[in-house]
Amino acid sequence: MLLTAADMSEKLKQLRIKAKFTQEQLASYLGLSTPAVSRIENGHQVPDAITYENWIWVCTHEVVRFNFVYDRDRRRGKHA
């Protein structure tokens, strides 16, 4: 199956909308700028393979954010 840049941009945009993400939210999850997401969705930029796969994954799976806290007192005097 041949996927044109226009087809790809439309598919990615529809995935984002179906997942109920704003462009800003998706950009944050993918480590992209909001303008980059817009350029991809409008067909002005073709995403690299990793961005394409991550976009699909993020839009089809539940995204869980973790906050890590480094406790200096518990590590004091211990080797890494």
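The lining of the largest cavity comprises five nonpolar, three polar and no charged residues, where Ala, Val, Leu, Ile, Met, Phe, Trp, Tyr, Cys and Pro count as nonpolar, Asp, Glu, Lys and Arg as charged, and the others, Gly among them, as polar. The structure is a predicted model, in which local features need pLDDT of at least 70 and side-chain atom pairs count only at pLDDT 80 or more, whereas totals for chains, interfaces and linings use all residues. Residues are numbered from 1 along each chain as its sequence is written, and side-chain values use heavy atoms, with hydrogens and water left out.

One cavity of 30 Å³ or more is present, a cavity being a set of points on a 1 Å grid over the protein atoms alone where a 1.4 Å probe fits but cannot get out, with lining residues having an atom within 4 Å of a point. The largest cavity holds about 30 Å³ of space, the volume being that filled by probe spheres set on points joined across faces, edges and corners. Its lining is formed by A5, M8, S9, I40, G43, Q45, V46 and P47.

Because R16 lies in helix α1 (residues 5–18) and E41 in helix α3 (residues 34–41), the pair ties together parts that are 25 residues apart in sequence; helices are DSSP runs of H or I, at least four residues long, numbered from the N terminus. Both R16 and E41 are buried, that is, under 20% relative accessible area with a 1.4 Å probe and protein chains only, exposed being over 50%. K20, by contrast, counts as exposed at 73% relative accessibility.

Methods:
Helix = DSSP H or I, 4+ residues; strand = E, 2+ residues; numbered from the N terminus. 1 Å grid on protein atoms, 1.4 Å probe; cavity = no way out; pocket = protein on both sides within 12 Å on 5 of 7 lines; lining within 4 Å.
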